Amino acid sequence: MTEHTTAAADGQSDPPPPVPLRRNLPFQALWIGQSCATLGMRIGDTAFPLLVLALTGSSTAAGAFGAVEMAATLLLGVHGGSIADRRDRRRVLLVADTARLLALASIPAALALGRPSLVHLLVVAAVIGATAAYTGPIRLLALRSVVAPEQLPQALAQDEARMSGAALAGPPLAGFLFGLGRSVPFLGAAFASLLSLVSALVVRFPSPAVPRRREKGGALAGFRVLAASPLLRPALAVLLVINLTGAALLLPVMVLLREHGTSSGGIGLALAGEAVGALAGTLLVSRLHRLAGPGVLLLAVAWTAVPVPLAPLLPGGAVTVFVALFAVGAGVPALRVMLDLLVFRQVPDELRGRVIAATVTLLTAGMPAGAFAAGLLLDHLSPAVALASIAGVLAAALLPATTSRTLRRAAWPVRTVPGPLPGQI
């Protein structure tokens, strides 16, 4: 008697295989909606500074828009994670998407009536940043809640394609639309938000049970989970350093390329290397995960980033920069999926929203610090020395992590159901 016959005789049968992702309608609807939302935000990230410059002629005012948006996201990020763990996630997503849609639609309306004030634009920046703080954790949880556990790596890789594609297409699309008219990119971003709102309306996804009392640990529980984890703690430290030095890299690279006679278009194409590499890297996620454990993979990609600041100093100019950024960008999707898998397979569901929010807050915080540090370096050093300094800082920061046995010997987790906290593994 075969094993299958024995199971049938016992009244048992193998569970049916999960629906393939391409035929998983809730997953595809959420993915399309979230792709639209991401593309709309990337269009706005480029179009809003262009509009502020056109209206005020002030680079400081143009920079203030991004600063206000990022500050709102950082300030409300922890609360957004707590809300994701305590409230009806679909309702929160609907409210936030509606608020962002109205904020974006107010810009074409104001342009049609005259010209929006700087205060109006900064309020819109604050609204967009605030909605990102609340929708970010929920979108991550919603998309992953409608797929089978064994499909999670594939779903995460497809989600990475969304982010990389939006990062690549958003800026040039915003520039093209702005050339058609000042209000056109904002109409496009508002329409993208509308599609995102529609997807949240038509798809239902799980929400946490209404708590009988305030959850243990409060809003800062996510940070405590990360601090207690022997794997997530050093992994996030490495990613924080990569983000900080990556943000510090952009301004010196642009200055040095311009000094070498590279046009603005050439600089833009060179800096697009990371996004192109990330898009290509989505095809390598599964293969890279099979080749190395999470710690070794993280360290390998991190050390690949060390020589990148030196690329503008080599022959080839913009082409060399593009190739260097492409090489390091190709490993980024595997790292993002790695971090997702570590959180989703190790952190109980009732804490995931707060852990995700804490992770995003920590990683995002390094970016403005890096941009500020780049300005300080260029005030006192030449672009070439500043780039060499950035490479040295990154290498020095990676040495302690490279000597960590916990990180080097880390293995991929297999647990797909709520279990002990990472610090208890």
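Thr262 is buried, its relative accessible area being 18%, with buried denoting under 20% relative accessible area (1.4 Å probe, protein chains only). Apart from neighbours within four places in sequence, Thr262 is in contact with Leu257, Ile267 and Ala318, contact being defined as heavy atoms within 4.5 Å. Because the model is predicted, local features need pLDDT of at least 70 and side-chain atom pairs count only at pLDDT 80 or more, whereas totals for chains, interfaces and linings use all residues. Residues are numbered from 1 along each chain as its sequence is written, and side-chain values use heavy atoms, with hydrogens and water left out.

The axes of H9 and helix H15 (residues 332-346), which are lines fitted to C-alpha atoms over the stretch in contact, with angles from 0 to 180 degrees between N-to-C directions, come within 12 Å and cross at roughly 155°. H9 and H15 are therefore roughly antiparallel, a term applied to angles over 145 degrees. Leu232, Leu236 and Leu239 of H9 and Leu335, Leu339 and Leu342 of H15 make the contact.

For helix H17 (residues 383-402), the 20 residues should span 28 Å at 1.5 Å a residue, in agreement with end C-alpha atoms 28 Å apart; the expected span is 1.5 Å times one less than the number of residues. The buried residues of H17, among them Leu387, Ile390 and Leu394, pack against helices H9 (232-259), H13 (294-305), H16 (349-380) and H18 (405-408).

Methods: Helix = DSSP H or I, 4+ residues; strand = E, 2+ residues; numbered from the N terminus. Buried < 20%, exposed > 50% of the residue type's maximum accessible area, 1.4 Å probe, protein only. Parallel < 35°, antiparallel > 145°, perpendicular 65-115°, else oblique.
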